[in-house]
Amino acid sequence: MKFENMLSDTGNKIVNQFKIYDGCITYFKSYDSVVAAVNRKTGETWLYKNWEYSNTTRKYLYQFLWECGRSDLSNRKKLEKAIKEGTVKVFAESPEF
């Protein structure tokens, strides 16, 4: 498992915003909560209960999804549509890292 800070547009490390690599799955962790996961091979995407926690969490969630090749989910409207259609699953419990 590999942890790394997300980066700002200027290349600086963003405090409390992380990508976690575990095999073919990349997780997004904001502060102490795992918020999302993407399977890099299939594009399958999962959200966890705290994905809407704050504007900051959502901002970096959309950046994470974009970086994982899910530009189709890069804003709230698109993400909520995918949840409603069932192409993105939302789970009540998130993994612990």
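Predicted model: local features only at pLDDT ≥ 70, side-chain atom pairs only at ≥ 80, totals over all residues.

Student: Is Gln 17 buried or exposed?
Tutor: Gln 17 is buried, because its relative accessible area is 1%, and the cut-off for buried is under 20%.

Student: Which residues is Gln 17 in contact with, leaving aside its neighbours within four places in sequence?
Tutor: The contacts of Gln 17 are Glu 4, Asn 5, Met 6, Phe 28, Lys 29, Ser 30, Tyr 31, Thr 56 and Tyr 60.

Student: Tyr 31 is among those contacts. Where does Tyr 31 lie?
Tutor: Tyr 31 lies in the loop between β3 (25-30) and β4. Its phi is positive, about 55°, although Tyr 31 is not a glycine. With a relative accessible area of 45%, Tyr 31 is partly exposed.

Student: Let us change topic. How many salt bridges does the count come to?
Tutor: The count comes to seven salt bridges. As background, side chains of opposite charge can pair when their charged atoms come close.

Student: Which residue forms a salt bridge with Glu 4?
Tutor: Lys 19 does, and the closest N and O atoms of the two are 3.7 Å apart.

Student: What about Arg 76: which side chain meets that of Arg 76 at 2.4 Å, N to O?
Tutor: The side chain of Glu 52 does, in a salt bridge. Glu 52 lies in the loop between β5 and α1 (55-67), while Arg 76 is in helix α2 (residues 76-85), so the pair links parts that are 24 residues apart in sequence. Glu 52 is partly exposed at 36% relative accessibility, and Arg 76 is partly exposed at 32%.

Student: With which residue does Arg 76 form a salt bridge at 2.9 Å?
Tutor: With Glu 80, where 2.9 Å is the distance between the closest N and O atoms. Both Arg 76 and Glu 80 lie in helix α2, four residues apart, which is about one turn of the helix. Glu 80 counts as partly exposed, at 35% relative accessibility.

Student: Which residues do salt bridges with shared partners join into one network?
Tutor: Lys 2, Glu 4, Lys 19 and Glu 67 are joined in this way.

Student: I would now like to look at β5. In which sense do strand β4 and β5 pair?
Tutor: Strand β4 (residues 33-39) and β5 pair in the antiparallel sense, over three bridges. Ala 37 has Trp 46 in β5 as its bridge partner. The hairpin of β4 and β5 has five residues between the strands, and Gly 43 takes a positive phi near 85° there.

Student: And in which sense does β5 pair with strand β6?
Tutor: In the parallel sense, over four bridges, with strand β6 covering residues 88-91. In β6, Val 88 is the bridge partner of Thr 45.

Student: Which residues of β5 are on its two faces?
Tutor: Thr 45 and Leu 47 are on one side, and Trp 46 and Tyr 48 are on the other. Both faces are covered, and these four residues are all buried. In a regular strand the side chains alternate between the two faces of the sheet.

Student: How far apart in space are Leu 47 and Glu 93?
Tutor: They are 9.7 Å apart, C-alpha to C-alpha, and 46 residues apart in sequence.

Key. Residues numbered from 1 in each chain as written. Heavy atoms only, no water. Salt bridge = Lys/Arg side-chain N within 4 Å of Asp/Glu carboxyl O. Buried < 20%, exposed > 50% of the residue type's maximum accessible area, 1.4 Å probe, protein only. Pairing = 2+ DSSP bridges. Contact = heavy atoms within 4.5 Å.
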